[in-house]
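Let's take a walk through this one together. Have a look at the model first, and then we'll go through it piece by piece.

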Amino acid sequence: MNPVTPMAPATMSLLGDYTNDFAFFPESASTFSADIDWVFYFISIVCLLFFIPIIVALFGFAWKYKKDKGLPAESQKDHNTTIELVWSIGPSFLLVVMFFFGARGYLSQRSIPEGAYEIGVKSMKWSWAMDYGNGVIHPELHVVVGEPTKLTMTSDDVIHSLYIPAFRVKKDVVPGRYNYMWFKATRPSEKVAKEELDRVTQRYKETGDAWDYDREQFTPDGYRFYDLYCTEYCGTSHSEMQTVVVVHETREELEAWIKKYSARPEGEEPAVYGQKLYERRGCKSCHSLDGSRMVGPSYQGSFGTMRQLADGESVRFDENYVRESILYPKAKVAAGYQPVMPSYKGQLSDDDVYSLVEFIKSLGDPSVVAAAEGDSEEGADETSAADGEGSAPAEEPATQDDAA
Ligand code: HEC
Ligand SMILES: [Cu+2]
C-alpha cells in the first residue's frame with residue numbers, strides 16, 4: 001500500500017489501488033497522488049452530500065404540494081431571507097476550500113524544482129520517444145525513485161497529452177513549443193525473477209514476435225511498470241499510443257539501463273537490431289510486416305521492387321531509397337499514401353539507419369533483393385548514385401560513434 005500522507009485519511013488509501021476491484025484510482029506512486037486523491041474525494045463527497053438531499057426534497061415537495069387536476073395555480077411570492085442567505089453563503093465557503101486545495105495542487109505541479117533529472121519526450125503519431133541524451137532514445141520512460149524528474153515535451157505533429165495515472169500527472173504535448181511536467185516517484189518497480197524473465201525471453205526469441213507488454217506485465221528487461229497513455233485524441237491509432245514507466249531504485253541502475261540502449265550491442269546482427277528499432281522507434285505503428293496496408297506501406301516483400309511515387313515517377317526500393325525515406329520522408333512520397341511520416345533525421349544514428357535498412361531488406365523476396373543488389377553495383381540506377389553503394393559494409397559501425 002502507498003504511504004499515506006497526513007492529508008489523506010487512512011481509510012481512503014484503501015481505495016487508491018486498482019489491483020483491488022473496488023478501487024476508484026490506479027495505484028499511487030508519486031508524491032502528488034495523495035493530495036490529488038484527497039481533493040477528488042473531498043469534492044465527490046461534498047457533491048453527494050448535496051445531491052442526495054436536494055433530489056429527495058425536490059421529489060418530496062413536488063409530491064407534497066401537488067394540486068388536484070382542474071384547480072387553478074396559486075401565486076407564490078413569499079420568500080425566506082434567512083434560508084436564502086444560508087444556502088448561498090454556506091456552500092460558497094466549501095467552494096473556497098475546493099479552490100484552495102485545487103490551486104495548491106496545481107501550483108505544486110507547475111513549479112518544477114531546481115536540479116530535477118531531465119528527460120526529453122517527443123511524441124508523434126502514434127508513439128513516444130524518450131530522449132536520455134547522448135543519442136539514447138527509447139519508448140519506455142525510466143526514472144529514479146525519490147528524485148524529482150522533469151520532462152521536456154514536444155510534439156512532431158498534432159497535440160498529444162502525456163498521462164501517467166499512477167503519478168496523477170497529465171499535460172498536453174503541443175507541436176511548436178516545449179511543455180514541461182515533473183513528478184517524484186515514490187515506489188520503485190519490482191523486478192521479475194530471473195528464471196521467469198529468461199523463460200519468457202526465450203519464448204519471444206522462438207516466435208520472433210514483438211514484446212507484448214499487456215500480456216507479460218513487465219518490460220523486456222524484467223521490470224514491472226506503470227502505464228503511460230496519450231490522452232488527447234490524435235487520430236487512428238490514438239488508443240495504442242501507450243508506453244510504460246519504470247522506476248529504478250538508484251541512479252546507477254538507471255544509468256546502467258540507459259547505457260544498455262546506447263548502441264547496437266556488440267555482435268548483434270544489424271537486421272536483428274533493426275527489428276528492435278522498428279518496434280522501439282514507432283515504425284510499427286504505421287508499417288506492417290505482413291503485407292497489410294496501414295498508414296504507410298508494408299515492408300514485406302518490398303525490397304528490390306519498383307515503387308510508384310505520388311509525383312508519377314518510380315524508383316527502386318533499395319538501400320538509398322529506404323535511407324532517404326527515413327531521413328527525408330517527404331522527398332519521395334509513395335503513391336497512394338499521405339506524406340505523414342515524421343523525419344528521423346538527427347534521431348537515428350547512421351548505424352541505426354543501416355540496421356533498419358538491413359531489417360527491411362531481410363523482409364524482401366531473396367531473389368529480387370539479390371537482383372537489386374546486382375543492379376546498384378553496376379551503378380546504373382540513378383537513385384543509388386548518392387553514397388554507400390550496394391550492400392552495406394561501407395557504412396558499417398565505423399560511424400557508430402557519430403551517434404554520441
Ligand atoms: C506516422 C506514420 C509513420 C511512421 C511512424 C513511420 N512511417 Fe514510414 N512511411 C509512412 C507513410 C505514410 C509512408 C508513405 C508515404 C511516403 O513515402 O512518405 C512511409 C514510407 C516509408 C518508406 C518508403 C516505403 C515505400 O514503400 O515506398 C520507408 C522505407 C519507411 N517509411 C520507413 C520507416 C521507418 C524505418 C520508420 C521508423 C523509424 C517509419 N517509416 C516510421 C508513415 C510512417
Ligand atoms: Cu496522441
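A disulfide here is a pair of cysteine sulfur atoms within 2.5 Å. By that rule, the count comes to zero disulfides. Before going on, note that this is a predicted model, where local features need pLDDT of at least 70, side-chain atom pairs count only at pLDDT 80 or more, and totals for chains, interfaces and linings use all residues. Residues are numbered from 1 along each chain as its sequence is written, chains are lettered from A and ligands numbered from 1 in the order in which they are written, and side-chain values use heavy atoms, with hydrogens and water left out.

Back to the cysteines. C230 has 7% relative accessibility and counts as buried (under 20% relative accessible area; exposed is over 50% and partly exposed in between, with a 1.4 Å probe and protein chains only). C283 is buried too, at 10%.

C283 also leads us to ligand 1. Of the 26 residues around this ligand (a heavy atom within 4 Å), C283, C286, H287, Y321 and M341 come nearest.

H287 sits in the loop between α7 (270-280) and β11 (306-308), and M341 in the loop between α8 (319-327) and α9 (350-362), so the pair ties together parts that are 54 residues apart in sequence. Helices (H or I, at least four residues) and strands (E, at least two) are DSSP runs, numbered from the N terminus. H287 is buried at 12% relative accessibility, while M341 is partly exposed at 25%.

The ligand has polar contacts as well (N or O atoms within 3.5 Å). One of its oxygen atoms is 2.9 Å from a polar backbone atom of A334, and a backbone N or O atom of K332 lies 3.3 Å from an oxygen atom of ligand 1.

As for α8, eight of its nine residues are buried, among them Y321.

Technical notes
Polar contact = N/O pair within 3.5 Å; in protein donor to acceptor, adjacent residues only side chain to side chain.
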